[in-house]
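Welcome, and thanks for taking a look at this one with me. Please have the structure open as you read.

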Amino acid sequence: MTTTAPQRPGPHGAAARGRVAELHAIRAQALQGPGEEATAAQHAKGKLTARERIALLLDPDSFQEVGQLRRHRATGFGLEANKPYTDGVVTGWGLVEGRTVFVYAHDFRIFGGALGEAHAQKIHKIMDMAVAAGAPLVSLNDGAGARIQEGVSALAGYGGIFQRNTRASGVIPQISVMLGPCAGGAAYSPALTDFVFMVRDTSQMFITGPDVVKAVTGEEITHNGLGGADVHAQTSGVCHFAYDDEQTCLAEVRYLLSLLPQNNRQSPPRTACTDPAGRRGDALSSLVPADGAHPYDMTEVIAELVDDGDFLEVHEHWARNIICALARLDGQVVAIVANQPRHLAGVLDIAASEKAARFVQTCDAFNIPLLTLLDVPGFLPGVGQEHGGIIRHGAKLLYAYCNATVPRISLVLRKAYGGAYIVMDSQSTGADLTYAWPANEIAVMGAEGAANVIFRRRIASAADPEAMRARMVKEYKAELMHPYYAAERGLVDDVIDPAETREVLIESLAMLRTKHADLPSRKHGNPPQ
């Protein structure tokens, strides 16, 4: 038996090992970033670094970076002497609960996270990869806008991002997480995505900052007062979710992703459910007062219906007279749109119409069934609403429902009056199944208003107008507003026991799971704007 003596490494092997060592040194430099001082400054602002954020978002050890060694090629203004690796943005993909997610994160420590040519090209590549792979895209935004030293090349980079946001719309879920400043044209990318998260005190979004506002209008305002998380979550509606810290914010991003499909060709992930499908909701009858003038909290109704009482409310603090939420029924994700009688009696107004329309469109794009819970007295009257375009904005919600092809179920809990009843996914606009509780009142308007119109002359000429009005109201209710009037005319498929609502909804969704509906052949619709 012969043995071969180990060979000594030759000069080529030593050179290869040297190259590998050089690679590891460069990677270590790229991972470290600009140094401990810059990291400490980021932490002092209450903010995490880009890589710390990615580690919180993704499953442990799942991140695969793309373009780590990318550097800019710009010259002038000292840029040629400052060419850090990554060019101020970390891009790649990883897993969230075992499913692929693409991500890019601005590194504020490098050029303030400002976007230059190389920086933009890295983002373009990861956006293209997300669409090609059919997986969600999450952007962790903490940047100072365009890199001024690179001029128009930086602006062109934003154009490429906007175009890709638009092409990916309705194809893959796009989530923007605002973790620092976002000013000027950069704010339009989050506005084009499906969901926007913000962190209080550290993140702001605005087109023109406080200094410009003061110079042009004379108004003085702080950064947070102009474009902070609470402003956009409560007033403008730009932000869907606002949280106090980055850790909670990123945990909620993970939760939202668990409720969304990978793309528009898939359904949301279904989970095992320990909450019995046939669980009775005996508390529901006591949660909703029979008297339509008495308010109640619709979130308590939703909690009683859905799996384990768990749901994620979208735009919770904006247009609070309507609720938009994601939840599960027997493990299947469902989108809930519901009037909220605790706020403005649950009327539809401009903001509520916009909020619900956008939510319906998003859920329809990603194959999430729609459940609509109605308790609506109508549209909000007033000069401000009419001049603000309630007709146009209300039509957005009507268009969204009529255009939706996912399973659609509506349930009238109590009152459903006038045009608001039609707009809120009535059977005549294409709802697959419509149910009502025994206390329902479906009518053109409330009995008091209807009696005043129909019987105004008889009331005016009566010896006791108030007694006559009460009599006519009672007569109108008995004739046209009894609980079975709509069911008798086929406008409601069934009147159900509130306690059996969960079981009825789950069985209905199971039947509709294989629903298929085609829209007319067209380039695209022209929804009201």
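The points below go through the salt bridges and then the nonpolar cores.

1. A word before we start: this is a predicted model. Residues are numbered from 1 along the chain, as its sequence is written.

2. Let us begin with the charged pairs. The salt bridges in this model number 27. One of them joins the side chains of Asp-330 and Arg-270, with N and O 3.2 Å apart. Asp-330 sits in the loop between strand S11 (322-329) and strand S12 (332-339), and Arg-270 in the loop between helix H10 (246-258) and helix H11 (284-287), so this bridge ties together parts that are 60 residues apart in sequence. Asp-330 is partly exposed at 23% relative accessibility, and Arg-270 is partly exposed too, at 45%.

3. Next, please find Asp-275 and Arg-502, whose side chains form a salt bridge with an N to O distance of 3.9 Å. Here the two distant parts of the chain are the loop between H10 and H11, which holds Asp-275, and helix H21 (residues 501-512), which holds Arg-502; the partners are 227 residues apart. Is Asp-275 buried or exposed? With 7% relative accessibility, Asp-275 counts as buried, because the cut-off for buried is under 20%. Arg-502 is buried as well, with a relative accessible area of 2%.

4. Lys-415 and Asp-375 make a salt bridge whose closest N and O atoms are 3.1 Å apart. Lys-415 is buried at 8% relative accessibility, and Asp-375 is buried at 0%.

5. Now for the nonpolar side chains. Which residues touch the most other members of the largest nonpolar core? They are Ile-175, Val-177 and Phe-197, in a core of 62 residues. Helix H13 (residues 350-365) is the greatest contributor to this core, giving 6 residues.

6. Apart from neighbours within four places in sequence, Val-177 is in contact with Val-138, Ser-139, Leu-140, Asn-141, Phe-197, Cys-249, Leu-250 and Val-253.

7. Finally, please look for a second, separate core, which has 29 residues. Among them are Tyr-296, Ala-325, Leu-413 and Ile-506. In soluble globular proteins, nonpolar side chains tend to be buried together.

Conventions. This is a predicted model: local features need pLDDT of at least 70, side-chain atom pairs count only at pLDDT 80 or more; totals for chains, interfaces and linings use all residues. Side-chain values use heavy atoms; hydrogens and water are left out. A salt bridge is a side-chain nitrogen of Lys or Arg within 4 Å of a carboxyl oxygen of Asp or Glu. Helices (H or I, at least four residues) and strands (E, at least two) are DSSP runs, numbered from the N terminus. Buried means under 20% relative accessible area, exposed over 50%, partly exposed in between (1.4 Å probe, protein chains only). A nonpolar core is a set of buried Ala, Val, Leu, Ile, Met, Phe, Trp, Tyr and Cys residues joined through side-chain atoms within 4.5 Å. Contact means heavy atoms within 4.5 Å.
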